[in-house]
4 protein chains.
Amino acid sequence: MVTVGIIGAGRIGRVHTQSIRTQVPEAVIKTIADPFMNEKTEAWAKENGIANVTTNYKDILNDPEIDAVLICSSTDTHSPISVEAIKAGKHVFCEKPIDHDITKIQEVITALNENPVKYQVGFNRRFDHNFQAVKKAVDAGKIGEKHIIKITSRDPEPPAPEYVKVSGGIFLDMTIHDFDMVRYLAGCDATEVYVAAANLVDPAIGEAGDVDTAIITLEMEDGSLAVIDNSRKAVYGYDQRAEVFGSKGMVSTGNDSATKAVIANEEGITSEKPLYFFLERYMDAYANEVKAFIHAIETDTDTPLGVDDGLKPVLMGLAAKKSLEEHRPVKISEVLA
Amino acid sequence: MVTVGIIGAGRIGRVHTQSIRTQVPEAVIKTIADPFMNEKTEAWAKENGIANVTTNYKDILNDPEIDAVLICSSTDTHSPISVEAIKAGKHVFCEKPIDHDITKIQEVITALNENPVKYQVGFNRRFDHNFQAVKKAVDAGKIGEKHIIKITSRDPEPPAPEYVKVSGGIFLDMTIHDFDMVRYLAGCDATEVYVAAANLVDPAIGEAGDVDTAIITLEMEDGSLAVIDNSRKAVYGYDQRAEVFGSKGMVSTGNDSATKAVIANEEGITSEKPLYFFLERYMDAYANEVKAFIHAIETDTDTPLGVDDGLKPVLMGLAAKKSLEEHRPVKISEVLA
Amino acid sequence: MVTVGIIGAGRIGRVHTQSIRTQVPEAVIKTIADPFMNEKTEAWAKENGIANVTTNYKDILNDPEIDAVLICSSTDTHSPISVEAIKAGKHVFCEKPIDHDITKIQEVITALNENPVKYQVGFNRRFDHNFQAVKKAVDAGKIGEKHIIKITSRDPEPPAPEYVKVSGGIFLDMTIHDFDMVRYLAGCDATEVYVAAANLVDPAIGEAGDVDTAIITLEMEDGSLAVIDNSRKAVYGYDQRAEVFGSKGMVSTGNDSATKAVIANEEGITSEKPLYFFLERYMDAYANEVKAFIHAIETDTDTPLGVDDGLKPVLMGLAAKKSLEEHRPVKISEVLA
Amino acid sequence: MVTVGIIGAGRIGRVHTQSIRTQVPEAVIKTIADPFMNEKTEAWAKENGIANVTTNYKDILNDPEIDAVLICSSTDTHSPISVEAIKAGKHVFCEKPIDHDITKIQEVITALNENPVKYQVGFNRRFDHNFQAVKKAVDAGKIGEKHIIKITSRDPEPPAPEYVKVSGGIFLDMTIHDFDMVRYLAGCDATEVYVAAANLVDPAIGEAGDVDTAIITLEMEDGSLAVIDNSRKAVYGYDQRAEVFGSKGMVSTGNDSATKAVIANEEGITSEKPLYFFLERYMDAYANEVKAFIHAIETDTDTPLGVDDGLKPVLMGLAAKKSLEEHRPVKISEVLA
């Protein structure tokens, strides 16, 4: 039995709470911490069988009964709390990204070298049934040698301009998931990034200093190519597709929809849009990633997504930013200190 | 080189003319006959390289240079002209149905016994790319032993009530194609028919003494089951599907559409309707059946659809009529003589 | 808060237990009864937070703290326990079928008339996301007036011959779900049934006195037609489709598969088979039906599937049996009385 | 009636001959020229109703009865014969590309300025039913403002290495069609090109100095982005897809296959591969482009694809080449002399 503390009672903290409560019988949540803890949140915690609530996450780190923490707090706290938790000997599941600053991620790596607890980064899409099926087909050799990886990743709605300003930019905020997906499907790292991007969805995003539409081309270590296309707004829903093309064929996945119902009438043949909301789309993925984390603790094996898997997509994001700024292809090695 | 005469310059006569002209280099049309021959039709014939026009089909039967005739005249003339043509030693391609009266079809059979020319009935759907692919999969053993055959056959628009009155009823006019398709896919004959039917599309059809919506269940010689569902009006287009289910799997085919374009928007994911018009849907099938007829003549081999294949669906249609009238399953043997 | 007792700790009892525990916060399971209660089952009950276990379901009926029971015991006990539970003032969720004998169902109706508790029958498919989407489109008038309803329902594997002998036959055991689905989608009752059936899947099923392949045609109260095709064995998985065709169009649903992955190679374009196992396919439906039952209790409203909805499909099944035996269409009214 | 001469009796010359003969009644082919004219080709010409054959294309240019020529000879002769034909007052349909050298294309433009006959370039894909449906949806405003255009274009088999050497490279030989498609769907020109490419399919292609796998990113005049992915070998067939994504939705098209047959068995649900051969895939497009050319002559209107539409994709191809060589984004303006 793994005793868990959750740091952050926001949307994602609640998702993980629900997953653990309903789908991870091997774990129990003892405490949840949130600086903005209030009555409503306390009531929610009680309903979900969490014994303790606190405003101070250090209460969790200091509790010797707690084996593991899930860091679901705001992005800027991910790396410092990670370091503290590692030093306190807690296993750590940290939401993405660990940090936008690679020296901060380096500090987490250093802490882990000194105190090798389990550490997992929350790139949930690797745990999605569709992307796992693509990966499985690739690994089984169904498509032979990989030549081209294509990711389409489009949000249903753009974030608020205020959020855009603090988001770190589209590449660190949104594309970072796609960078992870490329690494997952390729089974190797990118060596170079080139970005073509524009501000087409909402002028406010441009005014906030960001782009909202992008084509990102990647050259991979194994010589294959990858391309990601991003938009901050697909009116038809959350568009999350992947395709891996190789010497023996292609494997691809489309989107999930709520139902398989199809209407045929004078207008045409109409099926449902993709699921609109990321929590719907990746509901099972969120549960699966936490299960995997608890499983790694219980079996004392590696987590499926270590700190290095947290670092690499940040490097890709920083290279993408530089590529856009300098209007040229940028090698990943250029953004390494 | 096969010299051909065409009897009937209506819609289907013109379809076959165009097929021969553009796709059957082994055949040449010498003469076309139509009792309502007029200037416009003559001009059309000339444009299509047909040397002679006549109002009297006997001119074709009497022409020793003509090897084969295509009977595209009104249904009531199919069997008598067939008999005359056979006696004149012409190979015959006869549009469906040969006749609604089985004694008339028997006369054609008798004529053929005496003068065994090539005889083919125009069940065009057997020559459709989709249905042929289903048949091919069945014959290749891909689905093992056949258990259930399902045909969906729905017209885009009901015929005029005046036509309904002389049509012989839905089973001899429309379902007859589906009866042929069941025989084609099953590779054997039906032994019994049961009909549930209703007048739901247009009251005028009911007033004309017919039904417009039907479920026809068939028991086949090999013990398998078949079911046809018919409607005289599918607003989304000409709906022509087939499914064969068996011990090792299922093969099915959907409809052809004009293009593969798909639009995703706030309403859903919309692709094109099936092709609306039977001449569009079966354009290639019409050409293929004539090619097959000419090929049988040239190679002196059996046509793919002999007079017996013209008789059997009529028997099934008559049994279906009787089933509806008597509200009970009817054996095919009951409608024989 | 609704306090629940579960009668029967077999497969379906456990499915409902899990649904209530993880998805129905408004209900708590106090006791589970099973005549074959053993240590393993007790351990499972404890893990699932159930306070009491018993071998005698009367302990549940006698417990004044228990508001509602879920009858998940063997089919022959459904109606007597229903009657007892109703008399004990418990709300009842009863697995399908209530009974194969309509006089027994009548006794349940009589008990309910005397003691009108909430009563729900477990036709889970009505709570499936796909079938609900079809129903919703029909109810929203998207297809106009209903003309043809088609249900394809094929199991992935036939039951054991021993089970077949006690199953009541395919129509009461398997088709009964499809009869309910026809009623659900049609929004009215059937008036007549005709069956064409065969023993094609497994000779042992025939030896057990049953068929394994069937086409069932139904005439509905509103004049529309319905057709069900059943097979006890679809090697490609659990095939559960529905189509409703009407004056303004058609709505249909295909099967769910585990993932959307598609592989394109020299052999073709291959996507995944339908989900194989009914518990996978209807996982959400099982949870939704129990939620609906608890909701009806809490809000003191009708359950979505009353005792009459349990009776009607049995009548249809009995008429289907009679149709097969007497080889003729059978009116539902013939099996009443 | 338009009298036509065909220059070049190779594969594409024969395709156009057949199209004109069977589908363009407004045109007649008087003469076909080929330097390698032989008995077999002469026989073929006779069968196709072509009166004259010659080894010298000048016989066609000098024939005052001939209104228009189709230049289907080897690529290096396209621009000089174009110039000669224009000077001779013939309308010209010229296979793509006009030339790899833009000064040669400039000479054609100069000739046209002096002698403004009809001139059409053979980018057949614009006449394909699927791409036209995408274009139509875009033009009808169905997707709002265009943001991202995606083209997937993969050949079923790589060309012979000897051909690769003289092909002008993948961008001028293969991608040139995709460059035209991007212009067609965008309705505007590209301003900049970036290429990431590799030699992954066949080492012989690399040895011949070319790449076989490429991701080409384009920035368009209207601010939108486009991306093309190319491979010289898709084992599952000729993969020709397009997608246009915009503010109100997305329109896309997949591939055509020979039939709609689908097999479901224990392995999965398998449909047919895309059509393998470009002549099959674009059969209708080849006929439509020639019809459009003849129509422009008859109605004295502009051809749908003028000499400028022949020049622009060559500029894009040259920019792509430069981008690959210099490993940087290249503006189209850089390759304009």
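## Strand β5 of chain C and its neighbours

In this predicted model, strand β5(C) is joined to strand β6 (residues 119–122) of chain C by four bridges, and the two strands run parallel. Strands count as paired if DSSP finds at least two bridges between them; strands themselves are DSSP runs (E, at least two residues), as are helices (H or I, at least four residues), and both are numbered from the N terminus. Within this pairing, Glu95(C) stands opposite Gly122(C) of β6(C). Strand β4 (residues 68–71) of chain C is likewise parallel to β5(C), again through four bridges, and Ile71(C) has Cys94(C) as its bridge partner in β5(C).

One β-α-β unit consists of β4(C), helix α4 (residues 75–87) of chain C and β5(C); another consists of β5(C), helix α5 (residues 102–114) of chain C and β6(C). A crossover is right-handed if, with the strands pointing away from the viewer, the path from the first strand over the helix to the second runs clockwise.

## Burial of β5(C)

Five of the five residues of strand β5 (residues 91–95) of chain C are buried, so the strand is largely enclosed by the rest of the structure. Buried denotes under 20% relative accessible area, exposed over 50%, and partly exposed in between, with a 1.4 Å probe and protein chains only. Both faces are covered: His91(C), Phe93(C) and Glu95(C) are buried on one side, and Val92(C) and Cys94(C) on the other.

## Aromatic pairs

Over all chains, 25 aromatic pairs are found. Rings of Phe, Tyr and Trp (its six-membered ring) pair if their centres lie within 6.5 Å; planes under 30 degrees apart are stacked, over 60 edge-to-face, and the rest tilted. The rings of Tyr236(A) and Phe245(D) form an edge-to-face pair, because their centres are 6.2 Å apart and their planes stand at 85°. This pair joins two chains, because Tyr236(A) lies in the loop between β10 (225–231) and β11 (239–246) of chain A, and Phe245(D) in strand β11 (residues 239–246) of chain D. Both Tyr236(A) and Phe245(D) are buried.

In chain B, Tyr238(B) and Tyr282(B) are also edge-to-face, since their ring centres are 5.8 Å apart and their planes stand at 85°. The pair links distant parts of the chain, 44 residues apart: Tyr238(B) lies in the loop between β10 (225–231) and β11 (239–246) of chain B, and Tyr282(B) in the loop between α11 (278–281) and α12 (283–299) of chain B. Tyr238(B) and Tyr282(B) are both buried. In chain A, ring pairs link Phe131(A), Tyr238(A) and Tyr282(A) into a cluster.

## Charges over rings

Lys135(B) lies over the face of Tyr184(B), 5.3 Å from the ring centre. Arg14(D) lies over the face of Trp44(D), at 4.4 Å from the ring centre. The criterion is NZ of Lys or CZ of Arg within 6 Å of the ring centre and within 35 degrees of the ring normal.

The same surface serves both copies, as 100% of the contact residues of chain B (contact: heavy atoms within 4.5 Å) recur in chain D.

## Basis of the values

Residues are numbered from 1 along each chain as its sequence is written, chains are lettered from A and ligands numbered from 1 in the order in which they are written. Local features need pLDDT of at least 70 and side-chain atom pairs pLDDT 80 or more, while totals for chains, interfaces and linings use all residues; side-chain values use heavy atoms, leaving out hydrogens and water.
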